[in-house]
Amino acid sequence: LQWRLAASINNLTTHQLQEQVISENTSKYMAPENWASLNVPTVNTPIWGNIRPAIRAQELKIQKILKLLTSGITAFARSVDGMDMTEEQQDALALLCNTQYEINCFRKSSIRP
């Protein structure tokens with residue numbers, strides 16, 4: 001990778017963004033309505049009431065992660081031409097979307113009694 005990009009990635013993966021930056025970016029890159037699978041699902045109210053506090057806290061953290069990932073996928077998708085994506089772009093999108101899928105599977109399994 002180009003050294004500036006590598007330095008940026010290294011910095012971003014080892015330091016947390018400020019809440020204001022996160023809020024601005026997640027607001028800017030919300031998933032369009034036709035991407036229902038990217039919306040972060042909430043737990044049904046009756047189920048939520050029966051979940052232990054530790055699991056609830058974990059669930060809220062996972063929802064925050066999924067919201068960030070959704071915004072990242074949305075920003076990436078907007079930055080490419082869907083009709084003319086390179087193989088690397090297709091691979092990146094597939095890996096990001098699979099990460100979303102795996103986190104959702106983990107959420108479901110951690111909520112089950």
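The model is a predicted one. Along the principal axes, the C-alpha trace spans about 50 × 30 × 25 Å. The accessible surface of the protein comes to about 8700 Å², and carbon and sulfur atoms account for 57% of that area. Of the 113 residues, 21% are buried. When contacts between residues at least 6 apart in sequence are considered, 74% of them join residues at least 24 apart.

**Interior.** In soluble globular proteins, nonpolar side chains tend to be buried together. The largest nonpolar core here has seven residues, namely Ala 31, Leu 38, Ile 62, Leu 66, Leu 69, Ile 73 and Ile 103. Helix α4, covering residues 53-79, gives the most to this core, with four residues. Ile 73, a member of the core, touches Leu 38, Leu 93, Leu 96, Cys 97 and Gln 100, when residues up to four places away in sequence are not counted.

Arg 107 lies in helix α5, which covers residues 87-111. Its relative accessible area is 5%, and because the cut-off for burial is under 20%, Arg 107 counts as buried. With residues up to four places away in sequence again left out, Arg 107 touches Pro 41, Val 43, Glu 59, Ile 62, Gln 63 and Leu 66. Ile 62 and Leu 66 are also listed in the largest nonpolar core.

**Surface.** Leu 1, Leu 5 and Ile 9 form a nonpolar patch on the surface, with about 310 Å² of accessible area together. Leu 5 is found in helix α1, residues 3-12, and is partly exposed at 41% relative accessibility.

**Cysteines.** How many disulfides does the model hold? The count is zero. Cys 97 is in no disulfide, and the nearest cysteine sulfur, that of Cys 105, is 14 Å away. A disulfide requires two cysteine sulfur atoms within 2.5 Å, so the sulfur of Cys 105, 14 Å from that of Cys 97, is too far for a bond.

| Residue | Relative accessible area | Class |
|---|---|---|
| Cys 97 | 34% | partly exposed |
| Cys 105 | 30% | partly exposed |
| Leu 5 | 41% | partly exposed |
| Arg 107 | 5% | buried |

Note on methods: Residues numbered from 1 in each chain as written. Predicted model: local features only at pLDDT ≥ 70, side-chain atom pairs only at ≥ 80, totals over all residues. Heavy atoms only, no water. Buried < 20%, exposed > 50% of the residue type's maximum accessible area, 1.4 Å probe, protein only. Core = buried A, V, L, I, M, F, W, Y, C linked by side-chain atoms within 4.5 Å. Helix = DSSP H or I, 4+ residues; strand = E, 2+ residues; numbered from the N terminus. Contact = heavy atoms within 4.5 Å. Patch = residues over 30% accessible without salt bridge, like charges linked within 9 Å, V, L, I, M, F, W, Y side chains within 5 Å. Areas by Shrake-Rupley, 256 points an atom, 1.4 Å probe, with all protein chains shown as cover. Salt bridge = Lys/Arg side-chain N within 4 Å of Asp/Glu carboxyl O.
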